[in-house]
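How do you read a protein fold piece by piece?

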Amino acid sequence: MKKSYQKQWVGVFGDPVDDNPTVVMEQAAFDAEHTGMAYLTIQVKEGDLKAAMDGMRAMNFTGINITMPHKGAVLPYLDEISESAGIMGAVNTVYRKDGKLVGENTDGKGFLRSLQDENIPIQGQKAVILGAGGAARAIAVELAGAGIHTVTVINRDETRGQALADILNKHTSAHGVFIPWKGAAVIPADTDILVNATPVGFTDDNKPDLAYDSLKAGMIACDVIPNKVWTAFLLEAKARGLRTLNGLQMLVNQGAIAYELWTGKPAPVAVMRQAMENEYQVKLSF
Ligand code: NDP
């Protein structure tokens, strides 16, 4: 067989980007599957995104992850955008299809796959999402696409929170409701799926300001925090008898979906999970 010295490049553009761990699981997957692909973690400053996108086209990158602050700004530099990424107004994964650069958002899809891993029903259910930023938007739109009945958004900033409820009501079949977050938020008793989509707990052991007595054992508590299996929020929910789902599982699953878009093949999820377990010295159960 003819030897090739050429790599197929993928990576991530962001700023800051040095703490982005995606390379760990993607490179482990590429190597395990002998794809000849390499993942680069690249700082792209705010005003340099156009040049970076032109560059990745010119250098024939297979695709790229997009992280803050470029998830919305990248849209004009793409040839196509998936329907859900268009509704969210945010792209985190770019891949090539028929020579075109296509934008997708795998964050919410990774969350959905995590629910599916655990056989948690979505159709007709009621979700409450804490926060209304990028992760909240991605999760809300994908839950809506999967047939959730209601998504209640609880957020401090009323404009942002109402805007997310409006997006759901305007563009999806789900019912979007907004509750302003003032003091300890009470979780409606008929909630099935409760999602912390704020960064609370990422760098410390804080938990979202909730009336924790309103969490009931039949609910499922989910966290987006990607660097821990047990956040203080999930520990509190577990102590109250709730089932839990962590953000590291979502991170692995959204990375697996990106792998599939880039390679056209099923991702070696076990390899990716193991790589993140080693990285964070934790054990995942899925
Ligand atoms: P954004 O900055 O876009 O949004 C953050 C949201 O959290 C805002 O709605 C903000 O409210 C709210 N918030 C921030 N601090 C507090 C607080 N102390 N109390 C209550 N609400 C608060 O961030 P992202 O949505 O991009 O990211 C959120 C988290 O999701 C991060 O920790 C990120 O790492 C994680 N993430 C995880 C992924 C995974 O795969 N596991 C994928 C993507 C993100 P307000 O509008 O009022 O300011």
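Buried means under 20% relative accessible area. Keep that cut-off in mind for this predicted model.

Helix H4 covers residues 107-117. Its buried residues are Asp107, Gly108, Gly110, Phe111, Leu112, Ser114 and Leu115. What do the buried residues of H4 pack against? Two helices are on the list: H5 (134-145) and H8 (247-263). Three strands join them: S10 (193-196), S11 (220-223) and S12 (243-245). Just after H4 comes Asn119, with a positive phi of about 55°.

## Two domains

The domain assignment gives two domains. Domain 1 is built from two stretches, 8-105 and 249-280. Domain 2 is 108-246. The contact draws on 15 residues from domain 1 and 20 residues from domain 2. The C-alpha centres of the two domains lie 25 Å apart.

The size of an interface is often given as the accessible area lost when the parts come together. Between domain 1 and domain 2, about 1600 Å² is buried. Carbon and sulfur atoms give 56% of that area.

## What crosses the interface

Two salt bridges are found across the interface of domain 1 and domain 2. Eleven residue pairs are in polar contact across this interface, both residues at pLDDT 80 or more.

Which elements give two or more residues to the side of domain 1 that touches domain 2? They are helix H3 (83-88) and H8. The largest share of this side, eight residues, comes from H8. By type, the residues of this side are eight nonpolar, five polar and two charged.

## Lys109 and its two partners

Side chains of opposite charge can pair when their charged atoms come close. Lys109 shows this kind of pairing with Glu142, where the closest N and O atoms are 2.8 Å apart. This pair links distant parts of the chain: Lys109 is in helix H4, Glu142 is in helix H5, and 33 residues separate them. Lys109 also meets Glu104 in a salt bridge, at 3.3 Å from N to O.

Is Glu142 buried or exposed? Glu142 has a relative accessible area of 8%, so it is buried. Lys109 is at 22%, so it counts as partly exposed.

The structure holds 15 salt bridges. One of them joins Asp54 and Lys50, with the closest N and O atoms 2.9 Å apart. Both residues sit in helix H2 (residues 49-58). They are four residues apart, about one turn of the helix. An α-helix has 3.6 residues a turn, so residues three or four places apart point the same way. Asp54 is partly exposed, at 37% relative accessibility. Lys50 is partly exposed too, at 45%.

Another salt bridge pairs the side chains of Lys126 and Asp190, at 3.3 Å from N to O. Lys126 lies in strand S7 (residues 126-130), and Asp190 lies in the loop between strand S9 (175-180) and S10. The pair therefore ties together parts that are 64 residues apart in sequence. Lys126 is partly exposed, with a relative accessible area of 29%. Asp190 is partly exposed as well, with 46%.

Salt bridges can also form a network here: Lys207, Asp213, Glu236 and Arg240 are linked in this way.

Methods
Residues numbered from 1 in each chain as written. Predicted model: local features only at pLDDT ≥ 70, side-chain atom pairs only at ≥ 80, totals over all residues. Heavy atoms only, no water. Buried < 20%, exposed > 50% of the residue type's maximum accessible area, 1.4 Å probe, protein only. Contact = heavy atoms within 4.5 Å. Domains from an automatic or database assignment. Buried area = accessible area lost by both parts, 1.4 Å probe. Salt bridge = Lys/Arg side-chain N within 4 Å of Asp/Glu carboxyl O. Polar contact = N/O pair within 3.5 Å; in protein donor to acceptor, adjacent residues only side chain to side chain. Nonpolar A, V, L, I, M, F, W, Y, C, P; charged D, E, K, R; others polar.
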